Amino acid sequence: MLGYIIRRLISAVLVVIMTSMLVFALFFYGPSNPGQALCSGVRCTAERVEQINVALGFNDPVVDQYGTWAKGVFAGRTVDFGGAPIDCPAPCFGVSYQDRIPVTETLSERFPATLSLAIGAAFIFFPLGLLLGVLAARKRGTSIDRGLVGSSLILSSIPYYLVGLMAYLYLVIFWGVAPQPDYNPITENPWKWWTGLLLPWVVLGIWNSTAYARFSRGSMLESLGEDYVRTARAKGLTERKIVVKHALRAAIVPVLTIFGLDFAGLLAGTVFTEYIFGINGIGRTALLAINNQDFPIIAATVLIAAAFVVLANLIVDILYSVVDPRVRLT
Amino acid sequence: MTSSTQRREDISASRVPGREEPYLVVEDLSVKFPTADGLVQAVSDLSYTVEQGKTLGIVGESGSGKSVSSMAVLGLHDMRRTYMDGSIRVGGTEVVGLDESKLRRLRGADVAMIFQDALAALHPFYKVGSQLSEAYLAHHPSASRRDARAKAIEMLDRVGIPQPDRRIYDYSHQFSGGMRQRAMIAMALVNDPKLLIADEPTTALDVTVQAQILDLLQDLQRDFGSAVIIITHDLGVIAEMADDVLVMYGGRAVEYGTCKQILSQPMMPYTWGLLESVPELDSDPTQRLLPIAGTPPSLLSPPSGCPFHPRCRFRDHVPGDLCVTQLPDLEPPIDSPDRLKRCHIKDTAAVLKTDLVPSEA
C-alpha cells in the first residue's frame, strides 16, 4: 500500500513536470508576444518591446527559459523588469507580467476563495445529486422518476454561464432576495464569508447535482438489480437497510470516481462561477491571465489543475481499496 | 420485548396447530410481468404443496417459471411490476397480497432461500460473518452483536467450514466456490426456517463439490426438519434429493408425482425428453445425446393448445389437432390416481412402452 502510494506520487510528479514543459512549449512556440503585451500604451515602440524581450529573456531559447523557470521553482530567483529587481523566493513560479507580484503570492492569496467555493458547492451537489438519484432509482418508471430525470436534463442542458448569469440577475439585482456575492475570508468574518458565497454555492451546487442525480440513478439501478440485493431482501432486511447498506454501498463507488475528478476540476478554478459572481479565485485569475498573455500565471494555474487531477485520481484509487475489499493496491 | 417481535408472534399464532394443511400450499398461482413487449406469463395456474420434512424438486428448462414461482413464495418480485393471482399459504399465512412489513418478517425467518451463484448472491463489500449476523439480527432484534457473531460462527461450523471463528472475517471472494455455497446455506439456515427454497444450489459447482453440498442439504434437512424446495434442471439432483417432483414447462406444471413415479414411469413427452437427454454412465460414449428439439416457448405469446406441442414427437398419438387447439388438463393418468400429468395422450404408459423403451432394449 505504502509502496503503491509512493510510486503513484512519483508518477504524479512526472505528470506535473511534463505538463509544465508542454505549457511552456505551447505558449512560447505558439502565437504569443509577451513583450508586446507587457508594453502597452502609446509610448510603446519597437525598441521598447525589444528591450523588454531582452530584459525578461524572451529572446532566449525556450529550453533555457524553461531552465530558468524550473530553477526558480526550487531555488527562487529575482526577476528584473527593468526597474527594481523583484525578489521571488522558492517555490517561485515566476512573477506576473501584469502586476509584477510573484505568482505564488497571488495564487496562494486567491486559492482560499476557490477552495471555499468548491467545498461549499460539493457539500450541495454530492449529497443532493446522490439523494435525487437514489430516489429516482427507487421510484423507477413512476412520475417521480420521470420528473426528476426530465428536470435534471433540462437544467443541465442550459449552459452553466447562462444559469449563473440569470440567477445573479434575478435573485440579486431584480428581486434582491439573495445577498450580493463576494468573497470574504472565513478567518475574518465567517458570517460574511457564508452570505457572500451562498448564491455561487447554490447555483454551482444545484447545476452540478443534475449530473450526479442521473449518474447515481444509473449506478443505483444497476446495483438494485444485483443478486446480493435480492439476497438482502430474501433475508428479511428492512427496505432502508436493503437500499442504503446493500445497494447504495455498491452504487456509490463509480459516483465517487467522478466526484474526485470533478472536485479536482473545481479546485483548479471555477472559471464561470468566479467570473460571473466576481469572486477573485484561481479560475478568474487564470481567465484574466490568458487575456493578458500573463504567462507565469497561466503556467501556474495549469500546473495547479494538473496536480489536483493527478492527486484526485490517487485519492479515488485509495478510496476504492477502502470501499471495495476486492481491490488491492499493489 | 419490542413491538416487532410481538407482531411476529401474532403471525405465528394465526397458524392453527393440528390443521392438516401442508406447510406450503401453492394454489392456482399465476405470475405475470408487464413489459414493453407485452405481458409475460411467467407462471400459469400452478399448484403444489410441500410438507414439513419433505423435499419437492421442481425441474424444467430455463424460462419454465420454476424460479419465478418460488420467488413468489417470498414475495421477492417487485410488486409494482408484477401481477400475481392465486394463493400461496406458508404455514397457514396467505402470502399473496400480504403487506410488505409482514412479508419481511417471513423472509429469512420462516422461509429462507439459497441462491444459485453464491459469488453474486453474497455482498462483495461485507464480511461473510457480518452478512450472517445481519440475517440473524434481522429477526432477532433483541439479540446482541456478540450473540449474532456467535450464531454466525456456529452456523459456519455447522455447514462444515473449517476455522469458522476466523472465516467470519473473510470476504466472499476469499472463499472457494463450494465454501461460498456453504456460507450461503448457513445464512439461509441461521433463523431455523421451516421452508427452505434452494434455487439451483449446485449449478455453478463441480461435481464433487455438488455432491458435498447436496449431502449437506440432506443432513441439515434431517436435523432441522424443514420443508425443502429444490429447483434444478439437473435430474441427477432430483433423483438424489426429492420426495416429490414437479415438472414445469412454459410456466405450467406438466407432470407432478413422487420422485419414483416421475423418474421410473414418466407420463409426459416433455419429461421423456428430459430423461432422454441425460447421459448415462454405462452408455456408448460415441453415441450422440438426445436433446429435445426446438427451444422453450416464448412466454409473451405462448403456443396455442399444449405449450409443448411445437416440440412434441408424439402428436400422432393424439386424435385430430387437439394438441394445437386445446390445453390439456393437469389430471391423473389412467390407473394412477395419485399423480398428475398434462398430456392429451390417453394411455401414456403404452406409448412409453412401445415408442421409447424398446429402442433401449
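**Reading a two-chain model**

Mentor: Just after α10(A), residue G269(A) takes a positive phi of about 125°. Helices here are DSSP runs of H or I with at least four residues, strands are runs of E with at least two, and both are numbered from the N terminus. This is a predicted model, where local features need pLDDT of at least 70 and side-chain atom pairs count only at pLDDT 80 or more, while totals for chains, interfaces and linings use all residues. Residues are numbered from 1 along each chain as its sequence is written, and chains are lettered from A and ligands numbered from 1 in the order in which they are written.

Trainee: Where is the kink in helix α10 of chain A centred?

Mentor: For a bend, compare the axis fitted to the seven residues ending at a residue with the axis fitted to the seven starting there. In α10(A), which covers residues 239-267, that gives a kink of about 50° centred on L248(A).

Trainee: How do I read the domains? Which domains does the assignment give chain A?

Mentor: Domain bounds come from an automatic or database domain assignment. Chain A gets domain 1 (2-100) and domain 2 (104-323), with their C-alpha centres 33 Å apart. Next come the contacts (C-beta atoms, placed from the backbone, within 7 Å): 20 residues of domain 1 of chain A touch 18 residues of domain 2. On the domain 1 side, α1 (2-29) and α2 (34-38) each give two or more residues, and α1(A) has the largest share, nine.

Trainee: How do the residues of that domain 1 side divide?

Mentor: Sort them by type: Ala, Val, Leu, Ile, Met, Phe, Trp, Tyr, Cys and Pro are nonpolar, Asp, Glu, Lys and Arg are charged, and the others, Gly among them, are polar. The domain 1 side that touches domain 2 of chain A has 13 nonpolar, six polar and one charged.

Trainee: On to the two chains. How many residues does the contact take from chain B and from chain A?

Mentor: Chain B puts in 22 residues and chain A 18. On the chain B side, α3 (100-106), α4 (118-121) and α5 (128-139) supply at least two residues each. Of these, α5(B) gives the largest share of that side, four residues. By type, the chain B side has 13 nonpolar, four polar and five charged residues.

Trainee: Why does S67(B) count as buried?

Mentor: Count C-beta atoms, placed from the backbone, within 10 Å of the residue's own: 20 or more others is buried, 12 or fewer is exposed, in between is partly exposed. S67(B) is buried because it has 21 such neighbours. This serine sits in helix α2 (residues 66-73) of chain B and, beyond four places in sequence, is in contact with D199(B) and I231(B). S67(B) and I230(B) lie 163 residues apart in sequence but 9.9 Å apart in space, C-alpha to C-alpha.

Trainee: And the largest nonpolar core: which residues have the most contacts inside it?

Mentor: A core is a set of buried Ala, Val, Leu, Ile, Met, Phe, Trp, Tyr and Cys residues joined through C-beta atoms within 7 Å. The largest has 171 residues, and A183(B), M184(B), A186(B) and V247(B) have the most contacts inside it. Helix α5 (residues 103-138) of chain A gives the most to this core, 13 residues. Each domain of chain A supplies at least three residues. Over in chain B, the partners of A183(B) beyond four places in sequence include L122(B), L156(B) and F175(B).

Notes:
Two residues are in contact if their C-beta atoms, placed from the backbone, lie within 7 Å.
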